[in-house]
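Colleague: I have this one open on my screen and I would like to go through it with you, a piece at a time. Can we begin with a pair of residues in a sheet?

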Amino acid sequence: MDGTIRSRRRALIKDRVRADGFVRASALAEEFGVSVMTIHRDLDALQTQGWLARVRGGATAAPSETFHGDIAQRRTAMAREKRALAAAALEQVRPGDTVMLDESTTCLHLAERLAERAPLTVITYFQPVVTMLAGVPGITLIALGGEYFPAYDAFLGLYTAEGVAKVRADTFFMSTTAVAGNRCYHHSQATVQVKRAMLASASRSVLVVDHTKFTRDGLYALAPLSHFDLVLADDGLPVAEQRRVRDSGATLTVVGVP
């Protein structure tokens with residue numbers, strides 16, 4: 001019974017934060033008749049799931065330098081840049097390849113065009129890609145299971161990472177929440193776990209990032225840029241930042257945006 005009450009409260013908190021943009025922990029505690037500490041635990045859990053970001057005094061669902069929103073918000077952000085990056089990433093795919101895709105909306109744009117390179121084998125844990133490519137002629141689809149995270153519409157965590165370790169790909173395409181100090185970061189530890197497993201299970205890895213990722217901060221270190229065989233970034237990335245990326249030892253290709 002207590003678990004059901006907690007789940008309902010957290011669902012209501014999630015909806016409130018998404019509707020209002022920001023809520024105070026003290027106000028939520030008063031509204032639900034629980035302690036502020038209980039609300040803090042609720043906010044921690046919702047942050048782990050990717051629904052919101054903890055901030056001083058409460059929580060926010062508004063995209064910011066440290067929180068890029070849930071999947072619905074991410075799908076509408078930087079769409080032109082993501083389409084251009086997806087077109088450049090497609091040039092790295094050859095018929096007959098096995099490719100891995102992460103849960104980024106940038107790679108979702110790439111998935112939309114993969115039939116152009118069929119036959120292919122596609123490995124992913126991202127539900128929208130599974131839905132998009134299921135039954136597409138020439139595409140062999142391997143969907144990885146695990147714990148489902150609704151905010152990411154993806155399966156993440158230990159069981160997903162263990163599934164990755166059982167397969168091998170020619171190329172892994174991924175994006176990330178933030179790039180700082182020439183290192184990739186993400187807010188979700190469960191996501192980092194799976195992406196690291198995919199990096200280890202692919203012969204090549206390609207990082208696909210729009211320039212706004214270089215203005216954000218992340219929580220969990222994922223991998224240095226030099227770990228990737230290729231970094232694709234749009235031409236909105238300042239020249240000084242481009243120079244820093246190349247100085248790190250990473251191979252950078254700057255993609256023009258129509």
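Predicted model: local features only at pLDDT ≥ 70, side-chain atom pairs only at ≥ 80, totals over all residues.

Colleague: Okay, how many bridges join E1 to E3, and which way do they run?

Modeller: Three bridges join E1 to strand E3, which covers residues 58-60, and the two strands run antiparallel.

Colleague: What packs on the sheet there, touching E1 and E3?

Modeller: That is helix H2, residues 25-32, which packs on the sheet and touches both E1 and E3, with its direction making about 65° with that of E1.

Colleague: And what is the order of the strands in that sheet?

Modeller: It is an open sheet of three strands in the order E1-E3-E2, and the pairing is antiparallel. The edge strands are E1 (22-24) and E2 (53-55), each of which pairs on one side only. On average, neighbouring strands of this sheet are turned by 25° against each other, if direction is ignored.

Colleague: Which helix lies across E2 and E3?

Modeller: Helix H3, made of residues 36-48, lies across E2 and E3 and runs at about 140° to E2.

Colleague: So we have H2 and H3 to think about; how do their axes cross?

Modeller: The axes of H2 and H3 come within 8 Å and cross at roughly 110°. Angles of 65 to 115 degrees count as roughly perpendicular, and H2 and H3 are therefore roughly perpendicular to each other. As for handedness, H2 passes H3 in a right-handed crossing.

Colleague: Which residues make the contact?

Modeller: From H2 the contact uses Ala25, Ser26, Leu28, Ala29 and Phe32, while H3 contributes Val36, Ile39, His40 and Leu43.

Colleague: Switching topic: where is Arg10, and what does Arg10 touch?

Modeller: Arg10 is placed in helix H1, residues 2-20. Leaving aside residues up to four places away in sequence, Arg10 touches Arg41, Asp42, Ala45 and Leu46. If you want a sense of distance, the C-alpha atoms of Arg10 and Ser226 are separated by 40 Å, and these two residues are 216 residues apart along the chain.

Colleague: Now E4, please. Are Thr98 and Met100 buried or exposed?

Modeller: Thr98 and Met100 are buried on one side of E4, and Val99 and Leu101 are buried on the other, so that both faces of the strand are covered.

Colleague: What does E4 pair with?

Modeller: Four bridges join E4 to strand E5, residues 120-124, and these two run parallel. E4 also pairs with E9 in the parallel sense, over three bridges.

Colleague: Why do you call E9 largely enclosed, if you do?

Modeller: I do, because five of the six residues of E9 (residues 169-174) are buried, and so the strand is largely enclosed by the rest of the structure. E9 is also joined by five bridges to strand E12, residues 202-209, and the two run parallel. In that pairing, Met174 stands opposite Leu207 in E12.

Colleague: Back to E4 for a moment: what lies in the loop between E4 and H6?

Modeller: Glu103 lies in that loop, between strand E4 (98-101) and helix H6 (105-111). Buried means under 20% relative accessible area, and Glu103 is buried because its value is 2%. The side chain of Glu103 makes a polar contact with the side chain of Tyr125 at 2.6 Å, and a polar contact of 3.5 Å joins the side chains of Glu103 and His186.

How values were computed:
Residues numbered from 1 in each chain as written. Heavy atoms only, no water. Buried < 20%, exposed > 50% of the residue type's maximum accessible area, 1.4 Å probe, protein only. Polar contact = N/O pair within 3.5 Å; in protein donor to acceptor, adjacent residues only side chain to side chain. Pairing = 2+ DSSP bridges. Axes fitted to C-alpha atoms, helices over the stretch in contact; angles between N-to-C directions. Contact = heavy atoms within 4.5 Å. Parallel < 35°, antiparallel > 145°, perpendicular 65-115°, else oblique. Left-handed = near helix turned anticlockwise from the far one by under 90°.
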